[in-house]
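The following note sets out points for a colleague examining the model shown below. The points run from the chain as a whole to individual residues.

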Amino acid sequence: MRCISVAVLALVAPYVSAFAPIANHREMKGATTRLEAGNNSDERTPMRQGSYVALVTPMTPTGTIDLPALRSLLRFHLEAGTDGLCILGTTGEAAVMTMTERKSVLDVAVEEVKGKMPILVGTGTIDPEHVKEQTMQAIDCGCDASLLVTPYYVKPPQRGLIKHFETMADLGLPVCIYNVPGRTGVDFTPDSIGKVAGHPNIVAVKEATGDVSRVGKIHDAMKDNGVQTDKLLLFSGDDGSTDEFVLAGGDGCISVTANVAPSQMHNLMMAALKKDTDAVKEDQ
């Protein structure tokens, strides 16, 4: 599985290498840079509209995490205009990482981009106790929000999913619900999303069904539950329909494509948010 990062790094290497002098300069300053990053670890950057990169986790040939390469990737995305960071998700291969490995990735992300873009970290898995453990780690590291996938394989009923998301949101970290039924085997329906939308810590949904009509259905369900439609940010998790999703009223994307085309995905999302269909066609 860890070969995913190798392929992506090969594509972006010419661009990432351009930031090596920056990396060396910052490493010489070392303590000062890291101390400043740590000082704002309790401050949260709210999630916002735009293009979030579902970041790969770079690995060395021996399978360990390549932290210098991770720093370069993060700086690359800052320079490219990426609007938000989604780290330790499926694309980041978090399912095969230890808690120690996760912490090393989160610490680097906080040092590099805290306060510059929202840091959304995947903390969802099948075991609720493990979800809590990973969410508390994300809080301790200074991340801004958690990406919670529906528990996979066991196919919980809607009432169970509602309870799960509300319980995890009660931990205090803002939650982005991740609905990807094609991979988990369970669909968190628009009606159920409407029921949890009023929770103060449930702030976003990543919809990876590829069904653009879900935007309107979720908004209708929110209205039915007395929640304003701007309470939740709706992100597409399907790169093939992202532009249509946003044109239909969505707020952006959490994108794998943004790993290799970050500026283009940012521009595409900005055009779609402005409902500029001509610019959307040009940016596709």
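**Notes on the predicted model**

1. Leu-88 counts as buried, because its relative accessibility is 2%, below the 20% cut-off. The residue sits in the loop between strand 2 (84-87) and helix 5. Most residues other than glycine have a negative phi. The coordinates under discussion come from a predicted model.

2. The loop between strand 2 and helix 5 also holds Glu-93. Glu-93 has a positive phi of about 60°, although it is not a glycine. With a relative accessibility of 1%, Glu-93 therefore counts as buried. A reader inspecting this loop may wish to view Leu-88 and Glu-93 together.

3. As to the overall fold, the secondary structure of the protein chain comprises 13 helices and 8 strands. The chain has 284 residues, of which 52% count as buried. Among contacts between residues at least 6 apart in sequence, 76% join residues at least 24 apart. The chain exposes about 12400 Å², and carbon and sulfur atoms supply 54% of that area.

4. Which residues touch the most other members of the largest nonpolar core? They are Leu-85 and Ile-87, in a core of 58 residues. Helix 5 gives the most to this core, with 6 residues. Apart from this core lies another, of 16 residues, including Ala-54, Ala-204, Leu-233 and Ile-254.

5. Leaving aside neighbours within four places in sequence, Ile-87 is in contact with Leu-55, Val-105, Leu-106, Ala-109, Ile-119, Leu-120, Val-121 and Gly-122.

6. Helix 4 (residues 67-80) and helix 5 (residues 99-113) have axes that come within 10 Å and cross at roughly 40°. Their crossing is right-handed. On the helix 4 side, the contact involves Leu-67, Leu-70, Arg-71, Leu-74, Arg-75 and Leu-78. These meet Ser-104, Val-105, Val-108, Ala-109, Glu-111, Glu-112 and Val-113 of helix 5. The residues of this contact divide into 8 nonpolar, 1 polar and 4 charged. Val-105 and Ala-109, listed here for helix 5, are also among the contacts of Ile-87.

7. Not counting residues up to four places away in sequence, His-77 touches Val-53, Leu-55, Thr-82, Met-117, Ala-258, Asn-259 and Pro-262. Leu-55, one of these, is in contact with Ile-87 as well. His-77 and Val-113 are 36 residues apart in sequence, and their C-alpha atoms are 9.5 Å apart in space.

8. Lys-275 is found in the loop between helix 12 (262-273) and helix 13 (277-283). Lys-275 counts as partly exposed because its relative accessibility is 43%, which falls between the cut-offs of 20% and 50%. Not counting residues up to four places away in sequence, Lys-275 touches Val-246, Leu-247 and Gly-249. From Lys-275 to Asp-243 the separation is 32 residues in sequence and 9.8 Å in space, C-alpha to C-alpha.

Notes
Residues numbered from 1 in each chain as written. Predicted model: local features only at pLDDT ≥ 70, side-chain atom pairs only at ≥ 80, totals over all residues. Heavy atoms only, no water. Axes fitted to C-alpha atoms, helices over the stretch in contact; angles between N-to-C directions. Helix = DSSP H or I, 4+ residues; strand = E, 2+ residues; numbered from the N terminus. Left-handed = near helix turned anticlockwise from the far one by under 90°. Contact = heavy atoms within 4.5 Å. Nonpolar A, V, L, I, M, F, W, Y, C, P; charged D, E, K, R; others polar. Buried < 20%, exposed > 50% of the residue type's maximum accessible area, 1.4 Å probe, protein only. Areas by Shrake-Rupley, 256 points an atom, 1.4 Å probe, with all protein chains shown as cover. Core = buried A, V, L, I, M, F, W, Y, C linked by side-chain atoms within 4.5 Å.
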